[in-house]
Amino acid sequence: MNPLPKRILVFRIGQIGDTVAALPSLWVLRQQFPAARIVVLSEIPAQQTHLPPEAVLPASGLVDGFEKYPGGASLKNFFAAWRQLSRLRKEGFATLVYLVPSGRTKRQRLRDKIFFRLAGIKHLLATQGFTENLQPKSPDGSLIPLPKEADALLERLKCDGLPVPATGQGCLDLKITEVDRQRVKDWWRQKAGPRPGPNGWVAICTGGKLTSKLWPWERYAEVGRLLIEQHGLFPVIIGGGEDRAVGEKLLSQWGTGLCAAGELTVRESAALLAGARFYLGNDTGVMHLAAAVGKSCVAIFSARDWPGIWEPYGQGHKVLRFDVPCSGCRLAVCDQDLICLRGIEVQQVYAACVEIIKENATLRKD
């Protein structure tokens, strides 16, 4: 890595949570190579609700551009991939930072390595340090927690000699702009009428990309009622347009609150979240955005995946999870009537919210 690379290609795929998990590694790269042109390569979203890195990352100060490639196996995509390879060769990237998800298989990694070598990239970083067993179990069959994805990516950079922050200490700065903040101020102003009271407001997200990760909305209705009645908190629903119907149903039951679902961009949503008392919701992109802007999360997790890896980054979060015999199923659609999620009771979630409220109140006094 001497001399310092002038053009760096970062390969990172996924959606909001995946991009937030890569933030600490991207900031390490920017700090180590301040003069380099850093470009992020990611797949073309398969659906409109799938949001790419450019929807999340700051427009300046961290990365300098974005490249796209078509995902999926088809003859059309095969030829598109070769055209992409030609473009990358012309760009003259000398270094690739391989920030693919930890779950990338050996076969996929070998295929990727061959592709990037053919693109003329000589130096590959973050290709070592993969945890080969992503489904570890104790002798009794219980799931062994995995490192958080953000820390796993940093560890792979560390394998190449780059200095990285301590576990859980990576930088999640989204560089929210004044334009983003002004848009949020305008949004509040447009809603004229119900506004947060003196006790502030709570961000709630009842949605998610997989039905196997959705805690029943009726239980959110009950927790929200308790937060409103017992703590004077004003509820604001955050998410995508697909979350709006449930959000409006909740507001109707509560008789108060606002629904921002589908009304703000990802970065505007992050700017909005920065003003919340805390986040309450499912394991989804909004949760990762809340953690990125320093908000404590009461995060409700199904047991479909291994504990640890996708929990909100940083300190001060409350993660609720109920393990069952089928934990680790990794199903997108549950075939067991969501027994792991239904095992998480309303009072448990409410108690976690109360703990966050008390802890935050203590921090403000200090």
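Which residues does Val97 touch, not counting residues up to four places away in sequence? The legends below start from that question. The structure is a predicted model, in which local features need pLDDT of at least 70 and side-chain atom pairs count only at pLDDT 80 or more, whereas totals for chains, interfaces and linings use all residues. Residues are numbered from 1 along each chain as its sequence is written, and side-chain values use heavy atoms, with hydrogens and water left out.

View 1. Val97 belongs to strand E4, residues 95-98, where helices (H or I, at least four residues) and strands (E, at least two) are DSSP runs numbered from the N terminus. Its contacts, meaning heavy atoms within 4.5 Å, are with Ile8, Leu9, Val10, Phe11, Leu29, Leu125, Ala126 and Leu157, once residues up to four places away in sequence are set aside. Val97 counts as buried because its relative accessibility is 0%; buried means under 20% relative accessible area, exposed over 50%, and partly exposed in between, with a 1.4 Å probe and protein chains only. The C-alpha atoms of Val97 and Arg12 are separated by 8.8 Å, although the two residues are 85 apart along the chain.

**View 2. The open sheet of five strands.** The strands follow the order E3-E2-E1-E4-E5 with parallel pairing, two strands being paired if DSSP finds at least two bridges between them. Strand E3 (65-69) and strand E5 (123-125) are the edge strands, each pairing on one side only. On average, neighbouring strands of this sheet are turned by 25° against each other, direction ignored. Three bridges join E4 and E5 in the parallel sense, and Leu96 has Leu124 as its bridge partner in E5.

**View 3. The open sheet of six strands.** Here the order is E8-E7-E6-E9-E10-E11, again with parallel pairing. Strand E8 (258-259) and strand E11 (318-321) stand at the edges with a single partner strand each, so one side of each is left without a neighbour in the sheet. E6 pairs with strand E7 (residues 234-237) in the parallel sense over four bridges, and Ala203 stands opposite Val236 in E7.

**View 4. Helix H9 and its packing.** Eight of the eight residues of helix H9 (residues 285-292) are buried, so the helix is largely enclosed by the rest of the structure. These buried residues, including Met287, His288 and Leu289, pack against helix H1 (16-32), strand E6 (201-205), helix H8 (266-273), strand E9 (279-282) and strand E10 (297-301). H9 lies across E6, E9 and E10 and runs at about 155° to E10; axes are lines fitted to C-alpha atoms, for helices over the stretch in contact, and angles run from 0 to 180 degrees between N-to-C directions. Just after H9, Gly294 takes a positive phi of about 85°.
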